[in-house]
Amino acid sequence: MNRRSFLKLTAGAGASLWLAKGGSASGAIHKKPNIILVVIDELGYYELSCMGHPLLETPNIDRIAKEGMRFTQMLAGGPVCAPTRCTLMTGKHLGHASVRTNPGHEALRAEDITVAQVLKKAGYATGGFGKWGCGGRGTTGVPEKHGFDVFFGYYDQVHAHTFFPAYLIRNSQEVPLKGNTGALYEGETFSHHLISDEALKFIRDNKDGPFFCYCPWTPPHGAWGLPEDEPAWQKYKSKKWDASYQIKQDEAQRYAAMVNMDDREIGQILDLLKELKIDDNTMVIVSGDNGGNSYFKNDTHPHGFFAPNVDPKTGKVFRGQKGLLYEGGLRIPFIVRWPGKVKAGSVSDHLGYFPDMMPTLAEAAGVDCPQGIDGISILATLTGQKAAGHEQKDHEYLYWEYMGQTAVRCGNWKTYKPRKGPWELYDLGRDVEEKENVAAQNPATVDKMAKYAAEAHQPHVPGDVLDMELCMKDHQRAKNPKPSEQRR
């Protein structure tokens with residue numbers, strides 16, 4: 001037995017022991033809330049009508065903000081799809097996570113414990129509907145091996161680039177979709193409607209709870225293919241906009257329609273909770289997955305046609321975008337509604353990020369987390385326990401790494417190290433646009449945060465690919481995609 005096999009065996013045994021013990025984090029007996037976590041792929045911080053966006057309409061997300069708490073500084077766990085999802089699921093930052101890049105087949109390790117496993121120990125039914133991104137079929141990272149009773153949608157990120165795939169995946173089994181070839185814009189069966197319907201069915205089937213419904217929805221990321229009768233497409237298809245495009249000249253309109261479609265389906269979830277009379281005992285979280293992307297940009301719209309990182313009220317710009325560890329790659333919308341527990345209409349500037357979700361949801365469910373995670377529960381902030389003398393714990397620092405970049409956040413201080421070049425330092429309290437590098441004036445601060453970075457990073461050990469042929473099958477969008485449909 002080699003060293004890695006031994007470590008995996010002993011770590012797995014430790015995980016099993018922890019799961020067997022279970023237990024309550026607080027010792028309190030309380031009714032476990034249902035939890036719905038909607039993560040919208042690439043939804044930008046300012047791409048909500050409640051944030052003043054002039055074109056995108058999100059009345060149901062706005063309602064969640066009006067009836068719950070909106071966070072101004074809840075950050076993504078990573079700047080792209082797979083790594084950020086891994087931090088969300090495992091409570092570990094990117095210096096410790098199994099998935100740190102975005103090739104499609106990089107996977108959770110077999111011994112990794114996810115938030116679904118934590119909640120399952122607390123008696124939750126667990127379902128996932130959308131894009132997994134933490135290990136394709138034929139790897140150690142498939143969701144049904146990591147606490148999900150059911151996962152329906154896409155396992156591989158490239159498979160998720162089209163909404164007209166030849167098949168979707170349910171617990172590693174293919175579900176053929178009638179009339180689809182994997183083309184980007186044409187097909188008979190629109191995948192996202194099926195995924196959304198399955199989430200609603202899961203909620204109905206488990207209404208007696210508790211349940212954890214994880215919805216990592218792909219729209220508006222991927223190719224912007226929509227069925228002609230989609231109501232949101234009818235709303236936007238005739239808009240005359242001066243946006244650039246990649247393949248089709250109405251892509252900006254399609255993007256807007258997908259944001260509006262997501263919002264409508266979130267409204268359907270809220271309506272269902274009312275219908276089932278479980279609204280008051282359900283925590284609903286709506287979030288982006290990473291910073292916005294500057295799609296459809298041109299000379300008139302240099303930060304993207306929808307300007308996801310531009311404050312429409314002040315014109316201030318989060319630097320960078322998806323893929324970078326500047327604020328533009330990490331700032332996300334994050335809103336929580338929990339009637340009777342979270343104060344309606346509240347706004348929090350608490351600084352946190354995706355690794356905090358595991359301990360937060362575990363504490364809400366009354367169950368312990370595994371040892372060795374990096375997240376800190378934000379339940380005290382959500383429920384206002386500060387007023388009762390229970391202080392919210394803060395991170396000593398937050399950490400990210402991705403493709404040669406490194407970033408560390410301590411309060412308002414943010415250090416960033418590019419792929420090539422020295423550490424940069426920004427005071428986000430007065431320079432949220434990260435325009436003024438003050439590293440030279442603050443060498444002690446840079447040195448302290450560089451030490452945090454060195455402390456946070458451990459060598460990367462991904463999960464295993466057990467069947468490369470099966471894994472790569474899902475990595476292909478279609479057998480013969482049209483040349484005109486090759487995404488740039």
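Analyst: Accessible areas come from the Shrake-Rupley method with a 1.4 Å probe, and for residues only the protein chains shown count as cover. On that basis, the protein chain exposes about 19,200 Å², of which carbon and sulfur atoms supply 51%. This is a predicted model, in which local features need pLDDT of at least 70 and side-chain atom pairs count only at pLDDT 80 or more, while totals for chains, interfaces and linings use all residues. Residues are numbered from 1 along each chain as its sequence is written, and side-chain values use heavy atoms, with hydrogens and water left out.

User: What makes the radius of gyration of the protein chain agree with that of a compact globule?

Analyst: The radius is taken over C-alpha atoms, and the globule rule is 2.2 Å times the number of residues to the power 0.38. For 488 residues the rule gives a value near 23 Å and the protein chain has 21 Å, so the two agree. The C-alpha trace spans about 55 × 55 × 50 Å along its principal axes.

User: How many helices and strands does the protein chain have, and what is the order of strands in the open sheet?

Analyst: There are 12 helices and 16 strands, taken as DSSP runs numbered from the N terminus (helices H or I with at least four residues, strands E with at least two). The open sheet has 10 strands in the order β7-β6-β5-β4-β8-β1-β9-β10-β2-β11, and its pairing is mixed. Because β7 (173-176) and β11 (346-348) each have a single partner strand, they stand at the edges, with one side of each left without a neighbour in the sheet. From one strand to the next, the twist averages 15°.

User: Why do β5 and β6 count as paired?

Analyst: Strands pair if DSSP finds at least two bridges between them. Strand β5 (residues 150-154) and strand β6 (residues 167-170) have 2 bridges, in the antiparallel sense.

User: Why is L55 called partly exposed?

Analyst: Buried means under 20% relative accessible area, exposed over 50%, and partly exposed in between. L55 has 28% relative accessibility, so it counts as partly exposed. It is found in the loop between β1 and α2. Leaving aside residues up to four places away in sequence, L55 touches Y236, W241, F305 and F306, a contact being heavy atoms within 4.5 Å.

User: What makes a set of residues a nonpolar core, and which residues have the most contacts inside the largest one?

Analyst: A core consists of buried Ala, Val, Leu, Ile, Met, Phe, Trp, Tyr and Cys residues joined through side-chain atoms within 4.5 Å. The largest has 63 residues, and I36, I203, C213 and F306 have the most contacts inside it. Helix α7 (residues 251-275) gives the most to this core, with 12 residues. A second, separate core of 51 residues includes L108, V118, F151 and V336.

User: How do you know that helix α9 is mostly covered?

Analyst: Of the 9 residues of α9 (357-365), 8 are buried, among them M357, M358 and L361. G366, which follows α9, has a positive phi near 75°.

Note on methods:
Axes fitted to C-alpha atoms, helices over the stretch in contact; angles between N-to-C directions. Buried < 20%, exposed > 50% of the residue type's maximum accessible area, 1.4 Å probe, protein only.
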